[in-house]
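Visitor: I am new to this structure. Please show me how to read its features, one at a time.

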Amino acid sequence: MPIINKLIEIETNQGINIRNITPQIQDLITSTSIKNGQVLVFSRHTTTALAINENEIRLLEDVKVFLQKLAPESDKYLHNDLHLRDVPEDEPINAHSHLMAMMLSTSEVIPIVDGKLALGTWQSVLFFELDGPRKRTVFIQISGE
Amino acid sequence: MPIINKLIEIETNQGINIRNITPQIQDLITSTSIKNGQVLVFSRHTTTALAINENEIRLLEDVKVFLQKLAPESDKYLHNDLHLRDVPEDEPINAHSHLMAMMLSTSEVIPIVDGKLALGTWQSVLFFELDGPRKRTVFIQISGE
Amino acid sequence: MPIINKLIEIETNQGINIRNITPQIQDLITSTSIKNGQVLVFSRHTTTALAINENEIRLLEDVKVFLQKLAPESDKYLHNDLHLRDVPEDEPINAHSHLMAMMLSTSEVIPIVDGKLALGTWQSVLFFELDGPRKRTVFIQISGE
């Protein structure tokens, strides 16, 4: 059974931003001969995350507001006391971004049927940048027959 | 290595409702010859979700109350301004349901050992309807040997 | 394609505690001949969970505080009315622990490349005890070639 590893590279913007990476994942699947199996989508950073939901622009704004209320940037966090940690001075102040990431997903597995992602009608694979801007990568592993 | 795809169909009730789909998943595994491997359980809707936890009726009520506090239906959401979106007039007002879904899971992978789901004693696979009533499907992919 | 099942055993402390189980998972992978594939990490309890994030001691304290605010132990929960349930008298009062577990992960799948977990630089696999002290197990399934 072939196992094919790929990377998606993403340059993100300031703060929280959400990207639909479904077309890139589908293109990678199409570039293989795998017709039946699954794709593992794996977020490779501690302040990025994944969710599978509707790619509707107003909903994505609602999600940002929701996450900002859930883990407010302005709260006190021990992780943000850089002077008490052994880190460079330009280390980002981003405890809230880590907490948001833990509430979303790091790994998602999606079935592949007839060479296509077997998503529901309104589902898209959404990549969350929670502490941009940065250069980020998403690991894609396609396996099956 | 065989890869077997199945669907579970579920008719749900009004609002939030939570179903234990463990017996249906186990029956599908038993109907195959796979004894060692894994099952991918994939929620196919943007207002349904999964969790693996205890199927205790009072706890399930606690989860509903918890989700309703986490993403209150009565909050203002941009996604709910249907007149600003290109959607039919009977589009559901359900931003809160999408947010709840993103806090739960879309994909879960569970090991299969000796033809059985290798769940812990108190674990069940729970399907969450977050915007019922609807006809829903859960994708089940069984793979192994 | 070989599929290898292992268990990690963990003795936990009082209340919430978070352990980095990355070295144990890597050791199990190294003990097999699998160089390319994936590992399924599966939490086997309804009051334990997983997350993949940074193993920074001050951040882990922030996560505890965050979870305790999200699902306060002092809130009223139906699951905690032991006299209304058919359970032993020493059943734990732990609805909050179940809720925290559902907000985190039960299953995570991580790619293996060249015999190593393909985690990002700052990522660790974190095991969350949410209702300790207990003896716990994490199921590890390694598959690939």
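Guide: Start with burial: a residue is buried under 20% relative accessible area, exposed over 50% and partly exposed in between, using a 1.4 Å probe and protein chains only. Arg136(A) has 4% relative accessibility, so Arg136(A) counts as buried. This is a predicted model, in which local features need pLDDT of at least 70 and side-chain atom pairs count only at pLDDT 80 or more, while totals for chains, interfaces and linings use all residues. Residues are numbered from 1 along each chain as its sequence is written, chains are lettered from A and ligands numbered from 1 in the order in which they are written, and side-chain values use heavy atoms, leaving out hydrogens and water.

Visitor: With which residue does Arg136(A) form a salt bridge?

Guide: The general idea is that side chains of opposite charge can pair when their charged atoms come close. A salt bridge is a side-chain nitrogen of Lys or Arg within 4 Å of a carboxyl oxygen of Asp or Glu. The partner of Arg136(A) is Glu129(A), with the closest N and O atoms 2.7 Å apart. Glu129(A) is buried too, because its relative accessibility is 0%.

Visitor: How many salt bridges does the structure hold over all chains?

Guide: There are 23. One of them joins Arg134(B) to Asp131(B), at 2.5 Å between the closest N and O atoms. Here Arg134(B) is partly exposed, at 30%, whereas Asp131(B) is buried, at 15%. In chain C, Asp131(C) and Arg134(C) also meet in a salt bridge, 2.5 Å from N to O. Asp131(C) is buried at 14%, and Arg134(C) is partly exposed at 29%. Salt bridges with shared partners also link Glu56(A), Arg85(B) and Glu91(B) into one network.

Visitor: How do I read a helix, for instance H2 of chain B?

Guide: Helices (H or I, at least four residues) and strands (E, at least two) are DSSP runs, numbered from the N terminus. Among the buried residues of H2(B) are Arg58(B), Asp62(B) and Phe66(B).

Visitor: How many residues do chain C and chain A each bring to their contact?

Guide: Contact means heavy atoms within 4.5 Å. Chain C brings 35 residues and chain A brings 30. Buried area is the accessible area (1.4 Å probe) that two parts lose on being put together, summed over both. For chain C and chain A it is about 2,700 Å², with 59% on carbon and sulfur atoms. Within chain C, the most area is lost by Arg58(C), Asp62(C) and Phe66(C), together 23% of what that side buries. There are three salt bridges between these chains, including Arg58(C) with Asp81(A), at 2.7 Å. H2(C) gives the largest share of the side of chain C that touches chain A, nine residues.

Visitor: What does the side of chain B that touches chain A look like?

Guide: That contact takes 30 residues of chain B and 35 of chain A. Chain B and chain A have three salt bridges between them, one of which pairs Arg85(B) with Glu56(A) at 3.6 Å, N to O. H3(B) supplies the largest share of the side of chain B that touches chain A, six residues.
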